[in-house]
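Welcome, and thanks for taking a look. Below is a short briefing to read alongside the coordinates, grouped by topic.

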Amino acid sequence: MGATGQTTSFLTRRLALPPAPLATASFDREGLARKAADFTTPEFIGTQIVPLIRMERNGHCTNCRSNVVQNTGTGRLTLRYDFGPEDVFFAKLYSDDLGPHCHEINRALWESGFNASAYYRVPQPIGFLTDHNLLLMRCVPGIALGAAFDGHAAVDLVAGSREAAKWLAAMHRSSLTTGSPDSDWESLKLFRMATRLIKAVAVRPEKLDAIRELMNMLEKRIAKLPEPRRFVFTHGRYHHDHIFVSADAIAVIDLDRCRLSDPAKDAAEFVRVLRLTAFKEGFDMGRAENATAAFLSTYLAEIPEAAASLGCYWAAFVFHSFLGGLKQGRAKGTRSWEELMPFYVSEISRALDFSR
Amino acid sequence: MRPGTRFERLNWKQREAEVFANHDIAAQYIASLEMKFNGAWRPSGWNVEVVRSKATDRITLRYVSDDGAVVYGKAYFDRLLGRETYDSLAYLWKNGFAAGSGLEIPEPLIFVEEANMLLMRRAAGTPLSDLAAAAPLDEVLPAIRAAARWLVKFHAADIHGLPIQSPCEGMEILDIADALAKVAAECPGCASFFIGMLHDLHTVAPRSNISVRPTPVHGQFRAAHVFIESNRATVIDIEKICLSDPAKDVARFVHALKKNCLEESGDAQRAEQLAGEFVAEYRRIADSNLENLDYFRALLAFKALAKLLKSRKVNEEKRQAIGELYIAEFETATRARSVQTAAA
C-alpha cells in the first residue's frame with residue numbers, strides 16, 4: 001500500500017469516532033426480550049391472545065403455557081403459546097414496520113391456496129396486534145426437514161428435498177405480486193458480501209489473492225446474468241429448518257423476506273444450506289448428493305427458466321458464507337477450518353459450472 | 001470485463017505502437033482518405049505520433065499532413081471494440097451529432113479492418129478541462145452548460161445494438177469491494193471505517209434493477225473529452241458506450257472536475273460552482289435521469305478514496321487533504337439522499 005502507517009495516521013481522527021451503525025448490527029435483543037416477557041403473562045394472554053384464538057376457534061382457551069423460542073438479534077422474536085396438542089400458536093414480535101407487511105403476505109399466501117385444505121401450506125395467520133407489533137399464527141404440522149441431519153427416523157432427506165422442491169415450485173408459480181421487486185444486488189447479497197470481504201481480509205490478509213480470484217470468477221458470472229429475467233414471488237430464507245414434513249402436508253414457515261425476485265435465489269439457498277450442513281455435521285455426503293439431485297431435478301422440471309441464474313446465485317451464496325467462515329477461521333460442527341475451506345472452494349467451482 | 005490479460009494487452013500495445021509509427025504501413029492505411037480531403041491529403045508528406053497510450057487496450061495516433069490536415073487514428077486490442085465504436089460514431093454522426101449541429105462528435109472517416117483501427121477528424125476547439133482550470137467564469141460557464149446539453153442529447157439518442165450493462169455491473173459494488181479489500185489487507189485498522197461507508201452507500205443505492213430507464217452512456221464523460229469552440233461542443237472517446245444509468249455520466253463528469261481541481265491544488269470553490277452549473281443545466285432538461293445521482297457520486301468518491309489510500313505516488317500531506325475532501329464529497333452525496341428521504 002502507499003504507506004500503511006501513513007494511511008492509519010490519516011484516518012486516525014476518523015477512526016477514533018464511534019463507528020456508524022451497521023446494516024448487520026444486532027438489534028436490541030434485551031429490549032425485545034423485556035417486551036416479550038410481558039407477552040407471556042396470563043393477563044396479556046387472556047386479554048390479547050385468547051380473543052384472537054376464540055374468534056378463530058369459537059371455543060374456550062385456558063391453561064396456556066408460553067415461552068420465548070427464538071431471539072437471535074435479528075430484530076424479531078418468536079413466542080410459543082401452547083393451549084394443548086391441537087392448539088399451539090406462534091407469535092412473531094417485530095421491532096420494525098415489517099410486521100403488518102408480513103401479516104399481509106401470510107394472509108395472501110393462505111388465501112391463494114397454501115392453506116389447511118392443501119398439501120402445500122404456510123402457517124395459518126390468526127391475527128396481527130397492531131399496538132404490540134405482534135403477528136399470531138397457528139403452528140404448522142410435521143417435523144422440520146433439518147431433523148434428518150439429527151438422524152430423525154421419520155424424516156427422509158431425499159424424499160423431503162423432493163417435496164421441498166415441489167412446494168417451492170408451487171410458490172414460484174403463484175400469481176402473488178405483493179411488495180416491490182428485489183434488486184439483483186440485494187438478492188445476491190452484494191453489499192453484505194463486500195462488508196464480509198473487508199472484515200475477512202483485515203483478519204486474514206494472506207488470503208487476499210485467493211479471495212480476489214474467487215470474487216473475480218463470481219463477478220464474471222454475475223455479469224452474464226440474463227437480462228431481463230422473469231421475477232416470481234420468492235420466499236427469501238428457503239432452507240431445511242423452515243420446511244416441515246408430514247404425511248398430510250409440506251408446510252413452510254418464516255415468510256418475513258417474501259418478495260418478487262429471481263426464483264433461483266430460493267433454490268440456491270436451499271442447496272447451499274443443505275450441502276454445507278451435511279458437510280459440517282459429517283453427514284453421509286452421498287445422501288446429500290442424492291438430496292441435491294432430487295431437489296434440483298424436481299424443481300427445474302417445474303421452473304426450468306431458473307436454471308440460467310441458479311449457478312450464479314449458488315456461487316454467490318457459498319462465497320458469502322465462505323467469507324463469514326474465513327473471518328472467524330473456526331471449526332464448525334465436526335469439521336476443522338482446514339477441512340471447510342477446500343469444501344467451500346469446490347462448492348463455488350461446482351456452482352459456477354452449473355448450467356454454464 | 002476487458003478481453004485478454006493485462007500482460008497480453010501490454011504486449012499488443014508495445015508491438016502495435018511500433019507498427020503504426022511505421023510510415024509505409026500508415027500510408028497504406030490512410031491512402032484511401034485522399035478522397036475525403038478533396039485531394040488535400042498527401043500520404044507522402046506527413047508525420048505520425050502516439051498521442052495517448054495510457055490505457056492498455058487502445059492506442060491513439062495523430063497523423064498530420066504537410067499542409068496541416070489532421071487525422072486521428074484509434075487502434076484497439078479487442079477485435080470487436082474498434083468496429084463497434086466506429087459503427088456507433090457513424091450512427092451518431094448521421095443522427096444529429098454531425099458538424100454544424102453545435103453538439104457534435106468528430107467525423108468518423110473510415111474503419112481499417114486489418115489494423116482494427118478507426119480514423120476520424122480531430123475535434124475542434126479547446127478542451128473544457130483547460131477552460132475549467134483557467135478561463136474567466138463568463139467564458140467557462142456557457143461551455144459547461146453546453147457540455148451538459150451535449151450529454152442530455154446523447155442520453156436521448158436511440159442507438160440500436162448497444163451492449164447493455166447488467167444491473168450489478170452498473171452498480172460497481174464488487175469493484176469497490178475489490179479496491180477496499182486491497183487497502184484493508186494492508187491496513188486492517190481501516191476496515192471498520194470502510195464498512196461504515198459501505199453501509200452509507202447501501203442506504204442511497206437504487207431500490208430495484210429498473211429504477212431508471214437505461215440510456216446510451218458515454219462511460220468516460222469528463223471535461224478533458226469535451227472540446228469547446230465558440231458555442232460548439234464536440235465530445236470524443238466513446239469506446240465505453242453502452243446502455244446503463246445516465247446518472248453515471250453526470251456523476252463522473254462532476255467527480256473528474258472536482259478531482260482534477262483537488263489534485264492540482266486548484267480552486268475548490270470554483271470547481272464546486274462549475275459542477276453545480278453542470279448538474280443544474282442537465283437537471284433543467286432531463287431531471288428524471290438523475291434519480292440515482294447521489295449513489296454514483298458517493299460511489300466515485302469512495303472509489304477514489306480507496307485508490308488514493310493505495311497509491312504510492314502521493315505524500316502524506318496531500319493524501320490527507322485530498323482524502324478528507326473525498327470523504328466530504330461522499331458524505332454530501334449520502335446525506336443528500338437521507339434528507340430527500342426524510343422530506344418525502
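A:Asn133 is partly exposed, because 18 other C-beta atoms lie within 10 Å of its own. This is a predicted model, so a word on confidence comes along with the geometry below. The mean pLDDT of chain A is 90, and 90% of its residues reach 70 or more. Over residues 17-25 of chain A, however, the pLDDT is below 50, and this stretch has twelve contacts in the model beyond near neighbours in sequence.

**Backbone geometry in the loops of chain A**

- As background, most residues other than glycine have a negative phi, and most peptide bonds are trans.
- A:Asn133 has a positive phi, near 60°, and is not a glycine.
- The loop that holds A:Asn133 runs between strand E5 (125-129) and strand E6 (134-138) of chain A.
- A:Asp254 also has a positive phi, about 60°, without being a glycine; its loop lies between strand E10 (250-252) and strand E11 (259-261) of chain A.
- Is A:Asp254 buried or exposed? A:Asp254 counts as buried, because it has 20 C-beta neighbours inside 10 Å.
- The peptide bond between A:Glu227 and A:Pro228 is cis, with omega at about 0°.
- A:Pro228 sits in the loop between helix H8 (208-223) and strand E8 (232-234) of chain A.

**A sheet in chain A**

- Four strands of chain A make an open sheet with mixed pairing, in the order E4-E10-E9-E7.
- Its edge strands are strand E4 (120-121) and strand E7 (143-144) of chain A, each of which pairs on one side only.
- E7(A) is joined to strand E9 (residues 243-245) of chain A by two bridges, in the antiparallel sense.
- Within E9(A), A:Val245 is the residue opposite A:Ile143.

**Strand pairing in chain B**

- Strand E7 (residues 126-127) and strand E9 (residues 226-229) of chain B run antiparallel and are joined by two bridges.
- B:Thr126 has B:Ile228 in E9(B) as its bridge partner.
- E9(B) also pairs with strand E10 (residues 232-235) of chain B, again antiparallel, over four bridges.
- What do E9(B) and E10(B) form? They form a hairpin with two residues between the strands, and B:Ser230 in the turn has a positive phi of about 55°.

**Where the two chains meet**

- Chain B brings 47 residues to the contact and chain A brings 40 residues.
- On the side of chain B that touches chain A, the elements giving two or more residues are helix H6 (167-171), helix H7 (173-186), helix H8 (191-203), helix H11 (293-310) and helix H12 (316-343) of chain B.
- H7(B) gives the most to that side, with twelve residues.
- By class, the residues on that side of chain B are 26 nonpolar, eleven polar and ten charged.

**The largest nonpolar core**

- In soluble globular proteins, nonpolar side chains tend to be buried together.
- Here the largest nonpolar core has 203 residues, of which A:Ile198, B:Ala147 and B:Ala184 touch the most other members.
- H11(B) supplies the largest share of this core, 13 residues.
- Leaving aside residues up to four places away in sequence, A:Ile198 touches B:Leu180, B:Ala181, B:Ala184, B:Ala191, B:Phe194 and B:Ile195.

**Domains of chain B**

- Chain B is divided into domain 1 (6-121) and domain 2 (126-343).
- Domain 1 of chain B has 13 residues in contact with 14 residues of domain 2 of chain B.
- Helix H3 (81-94) and strand E4 (103-104) of chain B each supply at least two residues of the domain 1 side, and H3(B) has the largest share with six residues.
- That side of domain 1 has seven nonpolar, four polar and two charged residues.

- B:Gly323 is part of helix H12 of chain B, and it counts as buried because it has 21 C-beta neighbours inside 10 Å.
- B:Gly323 and B:Phe253 are 70 residues apart in sequence, and their C-alpha atoms are 19 Å apart.
- A:Lys166 belongs to helix H5 (residues 157-173) of chain A, and it is partly exposed, with 17 other C-beta atoms within 10 Å.
- From A:Lys166 to A:Gly113, 53 residues apart along the chain, the C-alpha separation is 14 Å.

Methods:
Residues numbered from 1 in each chain as written. Chains lettered and ligands numbered in written order. Predicted model: local features only at pLDDT ≥ 70, side-chain atom pairs only at ≥ 80, totals over all residues. Contact = placed C-beta atoms within 7 Å. Nonpolar A, V, L, I, M, F, W, Y, C, P; charged D, E, K, R; others polar. Pairing = 2+ DSSP bridges. Domains from an automatic or database assignment. Core = buried A, V, L, I, M, F, W, Y, C linked by C-beta atoms within 7 Å. Buried ≥ 20, exposed ≤ 12 C-beta atoms within 10 Å, placed from the backbone. pLDDT = per-residue confidence, 0-100.
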